[in-house]
Structures are given as structure tokens and as C-alpha cells.
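Here is a briefing on the pockets of one protein model. Please look over the structure before reading on.

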Amino acid sequence: MALLTDLYQLTMAYGYWRAGRHRAPAAAELFFRREPFHGAFALGAGLAEGLRFLRAFRFSAADIAYLRSVLPSTTEDAFFDYLCTVDASEVTVSSVPEGSVVFSRVPLLQVKGPLLVVQLLETTLLCLVNYASLVATNAARFRLLAGPEMKLMEIGLRRAQGPDGGLSASKYSYIGGFDYTSNVLAGKLYGIPVRGTIAHSFIMSFTSLAEVQPRVLPPQAGGEPMDLAALAESWLQRVCELLQSPPEKANRGELAAFVSYAITFPHNFQGLLDTYCVMRSGLPNFCAVALALHQLGYRAIGVRLDSGDLVQQSKEIRRVLRACGTTFQVPWFGSIPIAVSNDISEQSLESFVREGSEIDVIGVGTNLVTCPLQPSLGCVYKLVEVNGSPCLKLTEEEEKMTIPGIKAVYRLYDNAGHPFMDLMALEDEPAPSAGQELGVHVLGRRGEATKVRPAAAEPLHRTYFRDGQVCEVLPSLPEVRSHAQASLSQLSPAQRRLREPQPYPVAVTEKLHLLLAELRQARQ
């Protein structure tokens, strides 16, 4: 993957080499400038993939041959010989643990090593962290809106930006709080629980019960197989009588599809109700087949809606399921899970909660994996020190100015256990301690230092990569997911809310503030 980069990284690498600066010790930071989706936080993700890239980072003979054809003909042969020796064995990477809540201007990654190598790593690390963090954050927002009990399923593979985007979306949606994916390959590669039953095409492929083969299903407890199609027809009459709905309005092709699927998957029967009319056909047909299965000792797992007023329909469906459960003395029938899909967005979830829906499972695709509210997190990767000298990028846009020097970052907590500030200090400064009064300068605020006294202070970064190897045991994907939810739960409600949240302050120490002011003055 060494060539998964921008050409200017290689032209700069040649420039460093020509100037004899390629082995100068350097440090860079990867961060974003503002929180995504007009919120107050992001989730950091992509670390494990970044570490995998670093372990494998080197140029193959084929890579070098290609670069000879791309770089100017005046490029010296000795440079290509040098590139053959380049790897990440002298690189050190510190990072926030994957799945952590992170804030603007605070480094997600800190990369130290020879200047040429640090430069060459930029584009790939940005590629691996940007989208991962954005999707994980987007997923976390859906989870916060849905609440802890709602089941969330990522169904965006067909809408994702290519196969790589689809796999990444499945992985990082899971980290952000989704429970399942429809993506089978993601299930295999990452161990994410996979779910899925039938689509409209399966139902539309049937026209009558005569097409159902086989028709019989043995009872769960064993015994003589019974004609499930005949049982379902019998139950349909009773269900339609209860609902005061004409049986002839129930589409027989749909009934046949349900029966066929139930015979094939008697333990996993879910009905998709809106191929035709939900209340006159889909729901009566589902109830008939589910009750027939119950008669044989099986239990349907749910219904799904993919169109219409999902909130109102969920209420009507729940009423019918409860009525069937009571009338036919099937206690569990009234609590059959109701799943919905159909271009679900944050606004959809807000309406589900506001209007008191009966929905239990939500499938989210396009608005999760494509992040239409913000297509990029906007992470950047900037040099902060070369040869022991702090680096500063000056610009007329205050937001784009960098913060110089190799830094330690601390999260400060109040007495309630909520983080209230992230504090950046120079690497050689003593760590803040609980109860210590600190003079800090909050980024974006002008004026005198602010005094804070944290109840606790926690260093944010851990060293994950040194001497060409991952040097800390990486958590499993479920452990990263759990850490993300725990990290989110620590935020105060005002900072966790998605609409007009309270901004989270990021500050620098007095010493770092003075260095920043000194460098600004020297370079103006």
C-alpha cells in the first residue's frame, strides 16, 4: 500500500533526500478542525487499519519500477535505491484508543520518525482515519437518537461508495453502536452479526399456493409433517374475520411466498408486509402463516415495513398483533418485533421517538454509509516539529493555524465524572494532577488565562507502534464498540445532544500558549 498516496508526497520525499534532510527527526499530528454534523464530538476510528498499514509499509520492486516512470527523468537512481530500504521501523505512533470520543484540534494520531517517512505516511493515514471516524460518528448519532434498546441494522452496501466503502461502513457503523449488518463479507471478515430475510422480489415471484413446493412441515416436537399451506389458508379465514377484512383481498401470491419461506426457515420467519396492501393483505397473510407455524410449535421472528407512514403503520400492526395474541391465546404474538427501513434518517428517528412508534428494529442504509449531512470529516496531517524545532503554519484563517511542538494531551474531569476540557501541553511539561489549579488558554477565546481545577486528569494518548511493530495489544471489535459507548456515556447531556450542543472546550497550557505567541510574532 506504499503507493496509496498522493504524488506530491513522493516529490517532497525526493526534495528532502536531495537536501540531505530525509533523516531529520520529525513529528506530525493528525486531527480535524471542527466537529462533524454540527455536533460537539466525533468518534476516533481507523487506528487498527492504520497500524496494519504501518507494519506492511515498504516499496516493492514493482512499485519502484512504476515510480521511475512517473517521477521526472532527472530523478537520481540513488533515490530509488534509497526508497527500496524505506519502511516504518523507525516510526513511533501514539493515538487515542480506537472508539474514543475526540474533539477538534486534538490529535487523533501523533507520528514521529525520519522526516521523509513521516511525510510519506500522510495521505494513507488520512484515508484510513477520515472516513472511519466519520461513519463511526454518524452511527453513534443514530444510536443516541434511537436509545439503548432499539436494534439498529446497517443495510448500506448497495448504496456505499464502492466495495471498500461498503466494508468500511459496516465495520465502523458497528463501532458506532449498530447491532447488525446485512453485509455478509463484513460478517466474515470482522465477526459482525449478520441479519437478513426476504425482499419484495421473493414475494412477487409467487402468484398462487399451487406454486408452493414442498407444502409440508413437521412439527417442532416431531411427528407427522403437516400441510402448512392448508393450515395457513384456514388461519387466514379466522384472522380476516377478526380484522373484519375480506379474505379475497389478501394476495394469494404473497401468502404463497410467506408459506414457502416459512417452510424453508421455520425458526426464522419474518414477513415483509408492504409488497401489496399492508392492512388488507400483508398483515393478514403474515398472521395466518405465523399462527400456522405456532400450531406446529414454531415462533415467527418479526415483520418488516419498507414504505409509507412507518410510525402509524407500526401502531396499527401492533394493535392487530395484540388482538390476534389475545383472541387466539398466543401470548407472545403481541410482542412480535416490528422492523422498518426506507431511507431512514436522523429526522426519521426523531419522529419515531416523538410520535411514540411501536418500532423495534431499524435498518439504515444511504443516510448512514454516505454521510450526506457531511461527506468528509476533514482530517488534516501537519508537521509540528523538525530537528527539535517546533513548526507553525501561519494563515489568515485562525482555524487553519497549527499548534506547534510535540504535545501531551489530557482529558480533565469534573466531580460528576464528566469530561469538561481537553488540555494540550508540551511533551516535557509535568502532567496535571487531581485538584491542581491550572491556568489554561481555551482555543478560540481571546484574553487572559482561565483557571480550572479538575477532579481527575487522564492522559489521552497511548503508544501503539514502535520499532516497526504494534506494541500494545489491540482490543477486539466488540471491545472497541463497548469502549465507544462508554466514552459517549461520559459526556454531559448538553454535549451529547445532537441539536445545538454545548461546545466542548479544548485548551493549551500557559507554556504552550507562550510558545505559540512567540512563534507567531517571529514569523510575522
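Strand S18 (438–442), strand S23 (506–509) and helix H18 (510–523) each put at least two residues into the lining of the second largest pocket. The model is predicted: local features need pLDDT of at least 70, side-chain atom pairs count only at pLDDT 80 or more, and totals for chains, interfaces and linings use all residues. Residues are numbered from 1 along each chain as its sequence is written, and side-chain values use heavy atoms, without hydrogens and water.

**Terms**
- A pocket is an open set of points on a 1 Å grid over the protein atoms alone, where a 1.4 Å probe fits, with protein on both sides within 12 Å along at least five of seven lines; lining residues have an atom within 4 Å of a point.
- Volume is the space filled by probe spheres set on the points, which are joined across faces, edges and corners.
- Helices (H or I, at least four residues) and strands (E, at least two) are DSSP runs, numbered from the N terminus.

**Second largest pocket**
- Its volume is about 790 Å³.
- Lining it are 28 residues, with Val442, Leu443, Gly444, Arg445 and Val506 closest to the centre.
- H18 gives the most to this lining: four residues.

**Largest pocket**
- The largest pocket holds about 1,100 Å³ of space.
- Its lining has 34 residues; Met153, Ile155, Gly196, Arg304 and Ser341 are the closest to its centre.
- Strands S6 (151–154), S11 (302–305), S12 (338–340) and S13 (361–364) each supply at least two lining residues.
- S13 has the largest share, four residues.
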